[in-house]
Amino acid sequence: MMAKGKTRITNEIRRLRFQHGEMTQQALADRIGVTRQTVNAIEGSKYSPSLEVAFQIAQVFEVPLDRVFHYQASSRQE
Amino acid sequence: MLCVSNKMDTMLNKVFITKWHEMSSFEEKSNLIQLGSMFLSFGVYVALAGSMFQGEEVKLMDFAPLVFVAILLLIFSNAAGHAVVAIASRRDTRDERDKLIEWRATMHVSWITPAGVICGIAGLFLEVQPILLAHLLLGSLFLSEIGKSLFRLYDYRSGV
């Protein structure tokens, strides 16, 4: 059962930020052109970003998109 | 007392993303200012118009200065609030999440103003007093805007 307000898309942004010199949410937000609050919401799986922002995040960390975001299929689909 | 306060804080943090002051973006603060301004201006209008209704017979034109005052109050409180927030905090540009939240809120309340207009047309057929029809339309307009701000606030706090 997924918590209310959470998306099925999880991510590794927090871990990647710390691996990249403890990059702050604000620094990441500035590089991808969104607000810090949006980065926080993405990181907490409260908001699923557009494909463009998702690719921009992957580009900042220099990793493929699937290393940043993971999709959790529902039990019905499984 | 401190224990209760901590529990309350933890509970609020669970409901919302994290602490209010740390999280709110410029757009969210702007939304709060708009909501406060609307409550203030509409509240003042309702309080004064209500007292006018209770008195002797009134004409629609008697409310014109009151509408004018309410609009001025709305504009000035909005401008003052935004000026304070702009000085005190970082001015972020609107991003895709802000646009999505606005779109969702608009979608939720888009029926209110048309419903008010349809009720107004029905009122014309039923020969309801123009003064009541005018207030029905004004009320639906304010309700729509207040509802929109409340939905935006909810989405900002709970996530979309």
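Predicted model: local features only at pLDDT ≥ 70, side-chain atom pairs only at ≥ 80, totals over all residues.
## Helix packing in chain B and the build of both chains

The crossing of α3(B) and α7(B) is left-handed. Helix α3 of chain B covers residues 26-54. Helix α7 of chain B covers residues 130-158. Two packed helices are described by the angle between their axes and the distance between those axes. For α3(B) and α7(B), the axes come within 10 Å. Their crossing angle is roughly 155 degrees. Angles over 145 degrees count as roughly antiparallel, so α3(B) and α7(B) are roughly antiparallel to each other. What kinds of residue make up the contact of α3(B) with α7(B)? The contact divides into 15 nonpolar, 6 polar and 5 charged residues.

On the α5(B) side they include B:R97, B:D98, B:I101 and B:E102. Further along α5(B) come B:R104, B:A105, B:T106, B:H108 and B:V109. They meet B:S144, B:G147, B:K148, B:F151, B:R152, B:D155 and B:Y156 in α7(B). By class, the contact of α5(B) with α7(B) holds 5 nonpolar, 4 polar and 7 charged residues.

Step back to chain B as a whole. It has 7 helices and 0 strands. From the N terminus on, its elements run α-α-α-α-α-α-α. Of its 160 residues, 32% are buried. Take the contacts with a separation of 6 or more. In chain B, 81% of them join residues 24 or more positions apart. The accessible surface of chain B comes to about 9,900 Å². Carbon and sulfur atoms account for 72% of that surface.

Chain A is built from helices and strands: 5 helices and 2 strands. Chain A has 78 residues, and 44% of them count as buried. Among its contacts with a separation of 6 or more, 60% link residues 24 or more positions apart. Chain A exposes about 4,700 Å². Of this area, 49% comes from carbon and sulfur atoms.

A:E62 has a phi near 55 degrees, a positive value in a residue other than glycine. A:E62 sits in the loop between α4 (51-61) and α5 (65-68) of chain A. Is A:E62 buried or exposed? Its relative accessibility is 69%, so A:E62 counts as exposed. In chain B, B:E127 also has a positive phi, near 55 degrees, and is not glycine. B:E127 lies in the loop between α6 (112-125) and α7 of chain B. With 70% relative accessibility, B:E127 counts as exposed.

Notes
Residues numbered from 1 in each chain as written. Chains lettered and ligands numbered in written order. Heavy atoms only, no water. Helix = DSSP H or I, 4+ residues; strand = E, 2+ residues; numbered from the N terminus. Buried < 20%, exposed > 50% of the residue type's maximum accessible area, 1.4 Å probe, protein only. Contact = heavy atoms within 4.5 Å. Areas by Shrake-Rupley, 256 points an atom, 1.4 Å probe, with all protein chains shown as cover. Axes fitted to C-alpha atoms, helices over the stretch in contact; angles between N-to-C directions. Nonpolar A, V, L, I, M, F, W, Y, C, P; charged D, E, K, R; others polar. Parallel < 35°, antiparallel > 145°, perpendicular 65-115°, else oblique. Left-handed = near helix turned anticlockwise from the far one by under 90°.
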